[in-house]
Amino acid sequence: MRKMNYLFGALALGLGVLVGTLGVSLLTDSSSPTSFISMLRGQDKIQTVSGTVSNPIQTPPISNSVTDGLTESTADGLLVPGKDPHVVTPKEALLAQQIVADYKQNIGIFFGAWKSTDMAAFRVKLAKAYTGDLFEKHARRAEEYLVQGIGLDVSQIVFDQVDVESVSENAATLRVDYRYTAKDYNLTDGTTVGEEHEQIVQVRVNLVKQNSRWLITGESTVQ
């Protein structure tokens, strides 16, 4: 009987070590189902350059400056429906410049929110960049991971293309291609875990003006 107790005790101890080891590996392995990076890799039409990115591709920053006679569809170009891109008015050009600048800042705010230690803080940060149903969608997705102590650490964001497809006083649509390099982030001890990955995002974005800022209200993936 005593030998049986020893046997059961040894088995229980071994099982406990196995479960503990598995839990740690799930948190640190970016290919595990609980990994935020893994979840992003599973999204439709979001490409991933897998493996450690030791030297991420660098590109010159996209200029938002407005020159005389705006060029046709180039990075940060203006594509106002019904108008020749070369005759966009200065007012429209300055408005588009603000929209692009706010959009880029919104993306930075979004990724920064993923280091929030609780949902209240996440929502406060996210509200500076998103609004409407999309705000709630991001909040629901974040809660699944933040409660597990898993966040996201983004080390680099590169905007390859930001085109203004339409613009008015209070609404705008952008066509955007950008890349970011990220790791999972342990919110408990404030450290990155797992491998670094580069995500490639290609989206069409709707924005609305609230007070003096342009907030993201809709996103749809494009090829």
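## Close-up views of a predicted model

**View 1. Helix α3 against helix α4.** In this predicted model, the axes of helix α3, made up of residues 90-113, and helix α4, made up of residues 119-126, come within 9 Å and cross at roughly 175°. Because angles over 145 degrees count as roughly antiparallel, α3 and α4 are therefore described as roughly antiparallel to each other. On the α3 side the residues that take part in the meeting are Ile109, Phe110, Gly112 and Ala113, while α4 contributes Phe122, Lys125 and Leu126. Sorted by class, this contact of α3 with α4 has 5 nonpolar residues, 1 polar residue and 1 charged residue. Two packed helices are described by the angle between their axes and by the distance between those axes.

**View 2. The whole protein, as a setting for the close-ups.** The secondary structure of the protein comes to 5 helices and 5 strands, and from the N terminus on these elements follow one another in the order α-α-β-α-α-α-β-β-β-β. The protein has 223 residues, of which 40% count as buried, and its accessible surface comes to about 12,000 Å², with 56% of that surface belonging to carbon and sulfur atoms. Among the contacts in the protein with a separation of 6 or more, 63% are accounted for by residues 24 or more positions apart.

**View 3. Phe122, a buried residue of helix α4.** Phe122 lies in helix α4, and with a relative accessibility of 0% Phe122 counts as buried. When residues up to four places away in sequence are not counted, Phe122 touches Ala113, Trp114, Ser116, His138, Ala139, Ala142 and Leu146. Of these partners, Ala113 is also one of the α3 residues that meet α4, whereas His138, Ala139, Ala142 and Leu146 are among the buried residues of α5. Although Phe122 and Leu146 are 24 residues apart in sequence, their C-alpha atoms are 9.1 Å apart in space.

View 4. Helix α5, which covers residues 132-146, has 15 residues and reaches 21 Å from its first C-alpha to its last, a span close to the 21 Å expected at 1.5 Å a residue.

**View 5. Ala139 and the residues around it.** Ala139 lies in helix α5 and counts as buried, with a relative accessibility of 1%. Apart from residues up to four places away in sequence, Ala139 touches Met119, Phe122, Arg123 and Leu126. The C-alpha atoms of Ala139 and Arg123 are separated by 6.7 Å, with the two residues lying 16 residues apart along the chain. The C-alpha atoms of Ala139 and Ala120, for their part, are 9.8 Å apart in space, for a separation of 19 residues in sequence.

View 6. Ala120 is found in helix α4, and its relative accessibility of 54% makes it count as exposed. Between Val124 and Ala113, which are 11 residues apart along the chain, the C-alpha atoms are separated by 8.6 Å.

**View 7. Asn211 in the loop between two strands.** Asn211 is found in the loop between β4, residues 191-210, and β5, residues 213-221. Most residues other than glycine have a negative phi. Asn211 has a positive phi of about 60°, although it is not a glycine. With a relative accessible area of 80%, Asn211 is exposed.

Note on methods:
Residues are numbered from 1 along each chain as its sequence is written. This is a predicted model: local features need pLDDT of at least 70, side-chain atom pairs count only at pLDDT 80 or more; totals for chains, interfaces and linings use all residues. Side-chain values use heavy atoms; hydrogens and water are left out. Axes are lines fitted to C-alpha atoms, for helices over the stretch in contact, and angles run from 0 to 180 degrees between N-to-C directions. Helices (H or I, at least four residues) and strands (E, at least two) are DSSP runs, numbered from the N terminus. Angles under 35 degrees count as roughly parallel, over 145 as roughly antiparallel, 65 to 115 as roughly perpendicular and the rest as oblique. Contact means heavy atoms within 4.5 Å. Ala, Val, Leu, Ile, Met, Phe, Trp, Tyr, Cys and Pro count as nonpolar, Asp, Glu, Lys and Arg as charged, and the others, Gly among them, as polar. Buried means under 20% relative accessible area, exposed over 50%, partly exposed in between (1.4 Å probe, protein chains only). Accessible areas come from the Shrake-Rupley method with a 1.4 Å probe; for residues, only the protein chains shown count as cover. The expected span of a helix is 1.5 Å times one less than its number of residues.
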